[in-house]
Amino acid sequence: MSSSALTTATNARSDTPALSLSDIRFRYGRAALLEGLSLHVSAGEIVGLLGRNGSGKTTALRLVTGTLQPASGVVQVAGRERRAWRRRALARELALVPQELQVAFDFTVEELVRLGRAPHVGWLRGHTTADLDAARTAMRAVAIDDLATRRYRDLSGGEKQRVALAIALAQEPSLLLLDEPTHNLDLAQQALFFQTLERLTHERRLGVLAVIHDVNLAALWCDRLLMLADGRILADGTPEQVLTPDNLRRCYGVEARLLPHPDNGRPQVFLSQGTHSHGQHSPAR
Amino acid sequence: MTTQLPLPRQLPRLAGRRLFAAPGLRSVVLLYGTGALLLVLAIAGATAVGSASISFGDTLRILIDSLPLIEVDQTWTNAEATILREIRLPRVVSAALVGAALSASGVLFQGVFRNPLVDPFIIGASSGAAFAAVIGFLIAPQAGFIIYGFSWVPALAFVGSLVTVLLVYFLARADGRVAVTTLLLAGVAVGAFLTAAMSFLMLTQSDSQFRLGAIFSWLLGGVGTVGWDQFLLLGPFVGIGLLVARALAQPLNAMSLGEEHAHALGVSVERTKLVLIAASSLMTAAAVAAAGLVAFVGLVTPHAVRLVIGPDHRRLLWAATLYGAIFVVLADLAARTILTPTEIPLGVITGIVGGPFFLLLLRRARGHYVF
């Protein structure tokens, strides 16, 4: 029911971005962290947000979820100002995939994924059949349906991260926010996670904004990259347009060379040995 | 961030699987049905035992006769009926109320704080109640004053408990938000202050005037003095607290993922926290007014029940309420029968039973205790 409503809403306003931030200013203590940040994410694209540690990437996500409030500027979700959304309605529109789930208590996988139905379930009414179906669909979408009765803490890192994705999918959102989702995963699990994400993004026409530290991973899996530096967007475009030696120097303060990936031609970054352009900058990790 | 150490794919499992893993209808009926049956049996059994010997059969017949619309041929004396209805039954039912209230508020506090070491007294309910109770003993050494069926001591304990929790909550509040760690620390600080103030008050009194024994026995808890009037006054507080808690069980589940994630799931975190703390504090205050400071029930029952049925607060709340009630009914039975005619404070029994039981849970988990 809500998925069909969601589809019509997306179709009716296919021109409005799933997410847009315009001229966001945010201070952390006395230091200005974001100074006129503007970005947008459309339905059906994975947008990678790059930037140095402390550049405000996670802060940007928190301004979208509403954990933090911008000093000025406008955040719009599905064409409507964030503050105009009712909290639960917003949670049906956008979902968060954290770096790592913080699970207190010994929940099973299925119980956790059902928590994703929280914005759909009434206060006193239990989960309806539709809710249980949605949770099951979400588990199938990330291939954890066979883990349903397993306890979360017994899972591997990759399985845990797919549970986090399933919780977000159970919300049936049109926009996904991911905060370094593959940070703790090994190579195989990273690839599996992004394959799943890419398939879902295109199948469900999700808008995806992902904070990613690993520029090469971002170049491989993102349709578009945003480079955040000095509180605003330094570069915005395809991986080829954004990952240039000049941009990498200005963002991370590193000298780098770029080679096309042998399989798909996406740019891959190679640091030049011992040639940091600015003394005060440290190289990206 | 540091990279995570490689983990073995399969961590050692907690010994003891959940008995009611699937939330199917049958297991829910089994869980609540068994609990309700055990509670009725415990209440009937505890009512049958006392200094005046009344047979179990007569006890049952009197109890059934007391139910509306049911008449049983009288095989007992009127005095026996009065003892059961006016003395034993209110006490046993109040014990159930205390156990239910403490366990339910233990569930809520552990849920809100996402912490296994939390009990209903964690943010000052006990120290506030104790401080106020000592004032009650001071101003009314003969306990002659009665408010709404209560003497000064439980009435002041109720107020002291609620006021202290509110004080701690607002002390911990900054920029419209209450961080749970700040709340815990503020609770510890206020608790230490009130305990010291209480000790000072007790020291300044000369022993003859001041009933130290009465104070200590109150501090250790007991339902000895509760009648129907007090039960009917406190029952609604617990009832309201439980209903509010049940209404917020779903958001509380979401808060198991941390406040930021709960927020992203559409939970209004600060409001939920405030309402849940208010509800559980109301239940705790009611329990304190009825029975003083009964230790360990609010800590142990939620753990034990969670191990059996899992952490879903919608079921955990009712199950902990039921089994907490059973626990305290039986503990009170032990308290008044083990050393007859001397009565052991209820808190001593719950501590003696609850402490080792809790350690057993910890040992069984072998260092992998996930609450």
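A salt bridge is a side-chain nitrogen of Lys or Arg within 4 Å of a carboxyl oxygen of Asp or Glu. Keep that in mind as we walk through this predicted model, where local features need pLDDT of at least 70, side-chain atom pairs count only at pLDDT 80 or more, and totals for chains, interfaces and linings use all residues. Residues are numbered from 1 along each chain, chains are lettered from A, and side-chain values use heavy atoms, with hydrogens and water left out.

Let's begin with E81(A) and R83(A), whose side chains meet in a salt bridge at 3.0 Å, N to O. E81(A) counts as partly exposed because its relative accessibility is 32%, while R83(A), at 59%, counts as exposed (buried means under 20% relative accessible area, exposed over 50%, partly exposed in between, with a 1.4 Å probe and protein chains only).

Now hop to chain B, where D332(B) and R91(B) form a salt bridge with their closest N and O atoms 2.8 Å apart. This pair links distant parts of the chain, 241 residues apart: D332(B) is in helix α13 and R91(B) in helix α3 (helices are DSSP runs of H or I, at least four residues). D332(B) is buried, at 1%, and so is R91(B), at 9%.

Another bridge, at 2.7 Å, joins E260(B) to R62(A). The pair crosses between chains, from helix α10 of chain B to helix α2 of chain A. E260(B) is partly exposed at 29%, and R62(A) is partly exposed at 32%.

Over all chains, a search of the whole structure finds 24 salt bridges.

Note on methods. Helices (H or I, at least four residues) and strands (E, at least two) are DSSP runs, numbered from the N terminus.
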